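Take a look at the chain below. Then let us walk through some of its features, one at a time.

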Amino acid sequence: MSETSKTRQAPGTYFITGYPGFIGKRLVEHIAREDPKGHIYALVQPKAFKEAQALAAKVKGARVELLTGDAVDMHLGLSGEEYQRLCERVTDIFHLAAVSQLGVPKETAWRVNVDGTRNLLELARDCENLARFNYFSTCYVSGDRVGVIAEDELDRGQSFRNAYEETKFQAERLVQRASATLPVTIFRPSSVVGDSRTGEIDRFEGPYYLGILLVTSPLVVPLPLPGNGVAPLNVVPVDFVVEAVWRLSHDARAKGRTFHLVDPNPMSARRVYELIAEKSHKRLPRFNLSARAADVMLRLPVLEKLARPQRAAISYVNHLAIYNCHNTLELLDGTGVRCPPLSSYLDQLVAYVREQYKQRKEGAEIDDPLDHGPLPSSDEGAPAPRSRR
């Protein structure tokens, strides 16, 4: 198909890292449905292989072939035969695997996020039939920047609040440089939340984690919102992210471009917080805390178990960054794929979370859902409170 054609036709051969993670497993299912005659290779760490096997067996459509390895290892930890097979067959790479724990040591984050990305770019250069290298970055490569942030902006002298942001920034720099010789598309999701239709989510992260946990947690008195809450709280449902990535990865116009996968009209953090409280039948305190005071309060012994992910999330709740998504809106126009407003699916999210709390409390799976967070954590996209898979 000519380069001027808008979309590529299936079938394809796909290589995906970050399986069976939060976004990765849903992307595999989506690709398998959309391209049933295609072939999907999924790179799986040994410790996740049994889980991946069980999930892959249920995928309908394209064949899913699991490869045991790790993005941080030379040749991704694959055998020579496996690596060569990828080089000969793969048409599309989706690199999702990353460490997104906000408090992870910089050395660990660098090894996975930067060195791992470098290894995937080496594979991409060796792929004889590569049509697209799709890289999952994050909006938070903007670091401490405020105001309107464009999709074609990366290095603007910003500082970073944690090793996650810094290493994803450095990794994206590698990918942007590689775009001179490789067919690259970069995706920057904001905080990815549950499915907009079912509410299903298997991790909590960043500001969403803070808002949901504080309001739906079994605290006797809900905590006040840190800061004044005027900053936009940009979250996107996982189903939108997957559908947008699939469409853009097959659009010739997306080659060499970066896309903010965000809500183009986000609500303020305060409004989201209020809506969650209303749906949970809780009354919020009438006063606010400054971000500094909230950080101090979260260090109190009674809230110590609550503090690890929340302290990291406070800076996101109070950050006045607005992510322009012109590229995304332009190329998705007419496809029927768009980010739904949070208000349209908040009921599903809250209902799902409340049901999870109920099940865990009845099953006594954990002593205190505030200790570890109500759901398991994963490691793609925006910041997450816990470690890599």
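This is a predicted model: local features need pLDDT of at least 70, side-chain atom pairs count only at pLDDT 80 or more; totals for chains, interfaces and linings use all residues.

Start at helix α4, which covers residues 106-126. Helix α4 has 21 residues. From its first C-alpha to its last it reaches 29 Å, close to the 30 Å expected at 1.5 Å a residue. Even so, α4 has a kink. The kink is about 25 degrees and is centred on G116.

G116 is also one of the buried residues of α4. Others among them are A109, V112, N113, V114 and T117. Further along the helix, N119, L120, L121, L123 and A124 are buried too. What do the buried residues of α4 pack against? Two helices are on the list, α3 (80-89) and α5 (163-178). The strands β1 (13-16), β4 (92-95) and β5 (132-136) are on it as well.

Look next at how α3 and α4 meet. Two packed helices are described by the angle between their axes and the distance between the axes. The axes of α3 and α4 come within 8 Å. They cross at roughly 60 degrees, so α3 is oblique to α4. On the α3 side, the residues in contact are Y83, L86 and C87. On the α4 side, they are E122, L123 and D126. Of these, L123 is among the buried residues of α4.

Now turn to charge. Side chains of opposite charge can pair when their charged atoms come close. The count for this model comes to 17 salt bridges. One of them lies in α4, between D115 and R118. Their closest N and O atoms are 2.8 Å apart. Why can these two residues meet within one helix? D115 and R118 are three residues apart in α4, so about one helical turn separates them. An α-helix has 3.6 residues a turn, so residues three or four places apart point the same way. Both partners are partly exposed: D115 has 26% relative accessibility, and R118 has a relative accessible area of 33%.

A second salt bridge joins E243 and R197. Here the closest N and O atoms are 3.5 Å apart. This pair links distant parts of the chain, 46 residues apart. E243 sits in helix α7 (residues 238-249). R197 sits in the loop between β8 (191-193) and α6 (206-216). E243 is partly exposed at 23%, whereas R197 is exposed at 54%.

D251 is buried, with 3% relative accessibility. R253 is partly exposed, with a relative accessible area of 34%. Elsewhere, salt bridges that share partners join R63, E65, E81 and R85 into one network.

Finish with the backbone. Between Y19 and P20 there is a cis peptide bond, with omega about 10 degrees. P20 lies in the loop between β1 and α1 (22-34).

Another loop runs between β3 (63-68) and α3, and H75 is found there. H75 is not a glycine, yet its phi is positive, about 55 degrees. L76 is in the loop between β3 and α3 as well. Phi of L76 is near 60 degrees, again a positive value in a residue other than glycine. L76 is buried, at 0% relative accessibility.

Methods:
Residues are numbered from 1 along each chain as its sequence is written. Side-chain values use heavy atoms; hydrogens and water are left out. Helices (H or I, at least four residues) and strands (E, at least two) are DSSP runs, numbered from the N terminus. The expected span of a helix is 1.5 Å times one less than its number of residues. The bend at a residue is the angle between axes fitted to the seven residues ending there and the seven starting there. Buried means under 20% relative accessible area, exposed over 50%, partly exposed in between (1.4 Å probe, protein chains only). Contact means heavy atoms within 4.5 Å. A salt bridge is a side-chain nitrogen of Lys or Arg within 4 Å of a carboxyl oxygen of Asp or Glu. Axes are lines fitted to C-alpha atoms, for helices over the stretch in contact, and angles run from 0 to 180 degrees between N-to-C directions. Angles under 35 degrees count as roughly parallel, over 145 as roughly antiparallel, 65 to 115 as roughly perpendicular and the rest as oblique.
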